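Here is a short report on how two parts of a protein chain meet. Have a look at the model first, then read on.

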Amino acid sequence: MTPTPRTFSHIGLSVPDLEKAVAFYSEVLGFYVVMPPSEAVEDDSAIGIMCTDVFGPGWGSLRIAHLSTADGIGIEIFEFPGNYAPDEKLEHKRHGTFHFAVQDPDVEGLTARIVAAGGKQRMPIREYFPGEKPYRMVYVEDPFGIVFEVYSHGYELTYSAGAYA
């Protein structure tokens, strides 16, 4: 039996400054703030127990906020005590997640807002089908070095035409 495709629920990001991250993702990308910054501590509460299950005993405390995209995908932002930046901003050879993507038909405008807010444009804006289709993309970073992509069109539409042919 072929499994039914699942929907994407959320992604978790670790940042050094929770308030600045919530401001960036809500003011620049327009994500909704579902739960403003709050603290979770290692105790017998439901969230305390869940965090101990994930991080193991002795994790102490963390700060967390929840945001949502226009289509209901969650952005869970964590600030951990003792956090640190990775040696490389884009560890693309390391197994695991190394970026996420958002969609905006105004790739150029959003990229300019990201840079103006302290982010970085990692490459020129590129076209998948130059002169044929208006599908564009760019890799950027938030102010904390988290790498993500901005696409002009939907994922399925972009790749269904064989973007690498």
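## Terms and model

A polar contact is a pair of N or O atoms within 3.5 Å; within protein, one must be able to donate a hydrogen and the other to accept it, and residues adjacent in sequence count only if both atoms are side-chain atoms. This is a predicted model, where local features need pLDDT of at least 70, side-chain atom pairs count only at pLDDT 80 or more, and totals for chains, interfaces and linings use all residues. Residues are numbered from 1 along each chain as its sequence is written, and side-chain values use heavy atoms, leaving out hydrogens and water.

The protein chain is divided into domain 1 (1-83) and domain 2 (85-164), with bounds from an automatic or database domain assignment. Taken over C-alpha atoms, their centres are 22 Å apart.

Between domain 1 and domain 2 there is one residue pair in polar contact, both at pLDDT 80 or more. On the side of domain 1 that touches domain 2, β1 (10-14) and α1 (18-27) each supply at least two residues; such helices (H or I, at least four residues) and strands (E, at least two) are DSSP runs, numbered from the N terminus. The largest share of that side, four residues, comes from α1.

## A look at Phe-55

Phe-55 belongs to helix α2 (residues 46-55). Its C-alpha atom is separated by 23 Å from that of Phe-144, 89 residues apart along the chain. Leaving aside neighbours within four places in sequence, Phe-55 is in contact (heavy atoms within 4.5 Å) with Leu-62 and Phe-80.
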